[in-house]
Amino acid sequence: MPDRPPVSEMLDDSERHVAEQLKQTPEVIDTQGRINTADLYIDAPKWRKYPQVSCVFADLAGSTSLRKGRWEASTASIYDAAVKPAVRILADFGADFIDVQGDAAFGLFTGEYSKRRAICAGITIKTFGELVLIPALEAKWPTNPPQTGFKVGCAVSDLLAKKIGISRTAHHAPVWAGRAVNYAAKCSQQATAHQMIVTKPIADVIRCNEYLWYSCACSNEYTELWSEQYVEKVSGKDADGLLLKSSWCATCGDTYCEKICTGSWRRPDVDSKRNLFTYGKYQRVIKFREANGMQIRRGIGG
Ligand SMILES: [Zn+2]
């Protein structure tokens, strides 16, 4: 234990720090490529700016009720059982950075198809909650099983990053300034268990992707899986989001996820139906690409 300075000295030090910080304008350094927390500044007033970072935020529903009464003893194991797979899924979809905050985890994605990988990670986490975690809890507590599941949010924006805390100690952590993390958390807060809510820039990618937008080939119904969702406490256009209740199909999930994450958007089984649908932006993009001789099988967006 270091000798503790008198309170007045702590306050004097803090005052000097505040004055120093407010005197200078922090420098913003445009940074390309993957997020690497080892590259983040700590003592220098320099923030790295990463363009178009997608964030997936997954929060365990009903965790306050898990803490109460007869579940108290089991809460710790439910946390670990639920949150570790969510972290593993974020990592498997190539998240650059993952943080665990109690019963929630979030992942940040940059680079090729990062929006799509973030969306698929989110769907996989909610699928895990609904189809793996819940049955396991129901098997262990057949009468009155704990009610939980993941509430997932997804958003994208430029992010500023810096480490804040004391250098050369364990007492510092990366801090993310920008809308993506905040908005993804807001989306998650407004979802209920087994739901995923996304902001508009993510919704735009989903609407343009037939693997994401329509129900799978198993049903032959081609229903729209996402419904319009206004996201509260999110500013401007980002608020016009989408809500998903369904999970990956056990038959089609593997293939669809692979197609989405490698840039495909067009489903061969939808070809004959495509003219029947109203596409809006999607059709304008295709017409533009065809008119300009562009490869239309490439994915739209990110
Ligand atoms: Zn299917």
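The legends below accompany close-up views of a predicted model.

**View 1. The whole protein, as a starting point for the close-ups.**
The protein contains nine helices and nine strands, and buried residues account for 37% of its 302 residues. Among the contacts between residues at least 6 apart in sequence, 69% join residues that are at least 24 apart. The largest nonpolar core has 73 residues, and those with the most contacts inside it are Cys55, Val56, Cys154 and Ala184. Helix 4 supplies the largest share of this core, with nine residues. In soluble globular proteins, nonpolar side chains tend to be buried together.

**View 2. Strand 2 and the strands that pair with it.**
Strand 2 covers residues 46-60 and pairs with strand 4 in the antiparallel sense over six bridges, with Ser54 standing opposite Phe109 of strand 4. Strand 2 is also joined to strand 5 (residues 150-165) by 11 bridges, and these two strands run antiparallel; within this pairing, Val56 has Cys154 as its bridge partner in strand 5. Strand 1, in contrast, runs parallel to strand 2, and four bridges join the two. Gln52, which is found in strand 2, is partly exposed, with 16 other C-beta atoms within 10 Å. The phi of Gln52 is near 45°, a positive value in a residue other than glycine.

Pro26 is found in the loop between helix 1 (7-23) and strand 1 (27-30), and with 13 C-beta neighbours inside 10 Å it counts as partly exposed. Leaving out residues up to four places away in sequence, Pro26 touches Pro45, Lys46 and Trp47. The C-alpha atoms of Pro26 and Lys46 are separated by 5.6 Å, although the two residues lie 20 residues apart along the chain. Lys46 of strand 2 also has Glu27 standing opposite.

Strand 3 (residues 97-101) pairs with strand 4 in the antiparallel sense over five bridges, and Val100 stands opposite Ala105 in strand 4. The hairpin formed by strand 3 and strand 4 has two residues between the strands, and in it Gly102 takes a positive phi near 65°.

Tyr113 has its place in the loop between strand 4 and helix 4, and it counts as buried, with 21 C-beta neighbours inside 10 Å. Although Tyr113 is not a glycine, it has a positive phi of about 55°; most residues other than glycine have a negative phi, and most peptide bonds are trans. Helix 4 (residues 114-140) packs with helix 8 (residues 253-261) at an angle of about 155°, with their axes 8 Å apart. That angle makes helix 4 roughly antiparallel to helix 8. Arg116, Arg117 and Cys120 of helix 4 make the contact with Cys257, Ile260 and Cys261 of helix 8, and the residues of this contact divide into four nonpolar, no polar and two charged.

**View 3. Cys154 and Met196 with their surroundings.**
Met196 lies in strand 7 (residues 195-198) and is buried, with 29 other C-beta atoms within 10 Å. With residues up to four places away in sequence set aside, Met196 touches Gly122, Ile123, Lys126, Val152, Cys154, Ala191 and Leu244. The C-alpha atoms of Met196 and Ser246 are separated by 8.9 Å, and these two residues lie 50 residues apart along the chain.

Definitions and conventions. Residues are numbered from 1 along each chain as its sequence is written. This is a predicted model: local features need pLDDT of at least 70, side-chain atom pairs count only at pLDDT 80 or more; totals for chains, interfaces and linings use all residues. Axes are lines fitted to C-alpha atoms, for helices over the stretch in contact, and angles run from 0 to 180 degrees between N-to-C directions. Angles under 35 degrees count as roughly parallel, over 145 as roughly antiparallel, 65 to 115 as roughly perpendicular and the rest as oblique. Two residues are in contact if their C-beta atoms, placed from the backbone, lie within 7 Å. Ala, Val, Leu, Ile, Met, Phe, Trp, Tyr, Cys and Pro count as nonpolar, Asp, Glu, Lys and Arg as charged, and the others, Gly among them, as polar. Two strands pair if DSSP finds at least two bridges between them. A residue is buried if 20 or more other C-beta atoms lie within 10 Å of its own, exposed if 12 or fewer, and partly exposed in between; C-beta atoms are placed from the backbone. A nonpolar core is a set of buried Ala, Val, Leu, Ile, Met, Phe, Trp, Tyr and Cys residues joined through C-beta atoms within 7 Å.
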